[in-house]
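Subject: Structure handover

Hello,

The structure is pasted below, with the findings after it.

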Protein chains: 2
Amino acid sequence: MRGTVLYGPGDVRFEERADPRILRPTDAVIRTVVTCVCGSDLWAYRGTDPVTGPTPMGHEYVGIVEEVGSEVTNVKPGQFVIGSFATSDNTCPHCRAGYQSSCVHREFMSTCQAEYVRIPNAHGTLVATDDLPAEEFLPSLLALSDVMGTGWWAAKAAEVEPGSTAVVVGDGAVGLCGVIAAKELGAERIIAMSRHESRQKLAVAFGATDVVAERGADGIARIKDLTDGVGADSVLECVGTKESMQQAIASTRPGGNVGFVGVPHDVAVDGQELFFSHVGLRGGPAPVRAYLPDLIDRVLTGRINPGKVFDLTLPLDQVAEGYKAMDERRAVKTLLTP
Amino acid sequence: MRGTVLYGPGDVRFEERADPRILRPTDAVIRTVVTCVCGSDLWAYRGTDPVTGPTPMGHEYVGIVEEVGSEVTNVKPGQFVIGSFATSDNTCPHCRAGYQSSCVHREFMSTCQAEYVRIPNAHGTLVATDDLPAEEFLPSLLALSDVMGTGWWAAKAAEVEPGSTAVVVGDGAVGLCGVIAAKELGAERIIAMSRHESRQKLAVAFGATDVVAERGADGIARIKDLTDGVGADSVLECVGTKESMQQAIASTRPGGNVGFVGVPHDVAVDGQELFFSHVGLRGGPAPVRAYLPDLIDRVLTGRINPGKVFDLTLPLDQVAEGYKAMDERRAVKTLLTP
């Protein structure tokens, strides 16, 4: 089969690779239906995260089950399945507490921009749909495996509640999905922080009630203005830089919460600043598995349409162009079809 | 009147000072019944926090109202009152959200180791008891104005729930009060981290079910051992150093919470570490005002006895010895009687 391999900064190749096989009784192998490029893939693509050798890429997937190990009884060959970028047994204490992405058997997916994929912990990771979904739903179902699940988690970690005011820092795919999540969880006011017109429009289409283009101190001042000087109840930090984290904390009211879901790069939170802010902080890799049944239902009933974050679709063998378009911000997110 | 002034590291004097007066219509002046020395006073006493000139000291107090400003209608001269170390109007949006210690009119108390004290925002800060309390209750009522209120807040911020496992990092007065709070909030298992035998005993008397003497990596390993490898649901961080914060986060299970209430000194939380821990973090100065009515009731009904943290009582004019004893760890906390 063929799959995507990153050889170094900017050097993405689609090439012949070994067919994935069942290695453990809890594995499954799926045939990829659609996959995509993630904003977080760009950390390595840009050289911010080191690339030490040829590295298979991709952690988002929906597919048709080809083969399952002897202990996988939740899905069977021929079924359409969705899973999280973080695999889990779904039975350990962390899983039972709703933190499947901290599963004691967790393995992060990393080979999904390929024609076939081995899924470790398939028994606790994959969720099958009742039927083969219509093609129109594929982008949104794919989005659940990471960006929509992560946006949902950002809103949960930020404790968005009905009637509350939520701010979303970051207008990438996760931030845009965070707007969807805030709306679904009942936020009355949703302020999207975005400087890009096309993304602002999508944020508004997803439910944002206000858009703030300013950043840093000006951005914080605008949020304070919009909230009568109080600050937001919930802030979804969907970037992962020092600046975005500071902006998130400073935009939150005392007693409010920041959910941070962009993997922090060079971020150190000052203890005394956090102390006097009275802001609660929780982040981490999204426990997507916990949300999949509910989110699949929201997609298939047409309630949410996170697939709109894909603004470029390419054949899988043109994956290199998919990275390039996102790196140059010509695309929010690239969908890949094998 | 006479009051306590810190002139420099180790230089505490009890000397003649101007009588406090009503400066604003929301002020009150009280005659101190008992006051005390706080662990946090030692930051300045030891020179860790800079002392730029003669500095009046003390932020914990109970007293008899002498005089009130024209807008103070909640208490009247002759009443016995308790208030928080952080004053508040109790009506601003932050107060209404339960975060009185972030009140927009907040002033921190700082002159309480004295015979008389001016209380700013008295209208939103002071709570009177129905009657003059019996002498035996004075130490516990005094403890409410900071350490017991702060221990309570640590447990609330760490989201202690009935049946949960709580760890308390720090065996100072706040940590010991944190044990009381965890027990009152229903924690089934309370692990006190303490190396000092007398404090261990008090922790057990207050409700600790286990004591861990180890610190750092060894301490974390012991907590993991005691929780079947999972980590604690709630950790009360009652110290405020880099080491105690790391220990707290690493002892918490994914999805658990750290409440941090020691003012952080030179603490920076690594973003990526916090991210992958899945731990929620909330700290700040305790909103004591929110808890006072409930805690006064628990004291006067004999349900809790936080006054036991005072293991040294001195006349107020011997305040310097009170500091010295705590600095040298001969005392957990010094009660001062005018």
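Strand 14 of chain A and strand 14 (residues 268–270) of chain B run antiparallel and are joined by three bridges. Ala268(A) has Asp270(B) as its bridge partner in strand 14 of chain B. Strands count as paired if DSSP finds at least two bridges between them; helices (H or I, at least four residues) and strands (E, at least two) are DSSP runs numbered from the N terminus.

On conventions: this is a predicted model, in which local features need pLDDT of at least 70 and side-chain atom pairs count only at pLDDT 80 or more, while totals for chains, interfaces and linings use all residues. Residues are numbered from 1 along each chain as its sequence is written, and chains are lettered from A and ligands numbered from 1 in the order in which they are written.

The contact between the chains takes 28 residues from chain A and 28 residues from chain B, where contact means C-beta atoms, placed from the backbone, within 7 Å. On the chain A side, helix 10 gives the largest share, five residues. Elements giving two or more residues to that side include helix 2 (93–96), strand 13 (252–260) and strand 15 (280–283) of chain A.

Within chain A there are two parts, domain 1 (2–146 + 287–337) and domain 2 (150–283), with bounds from an automatic or database domain assignment. Their C-alpha centres lie 26 Å apart. Domain 1 of chain A gives 15 residues to the contact and domain 2 of chain A gives 14.

Regards

Conventions
Contact = placed C-beta atoms within 7 Å.
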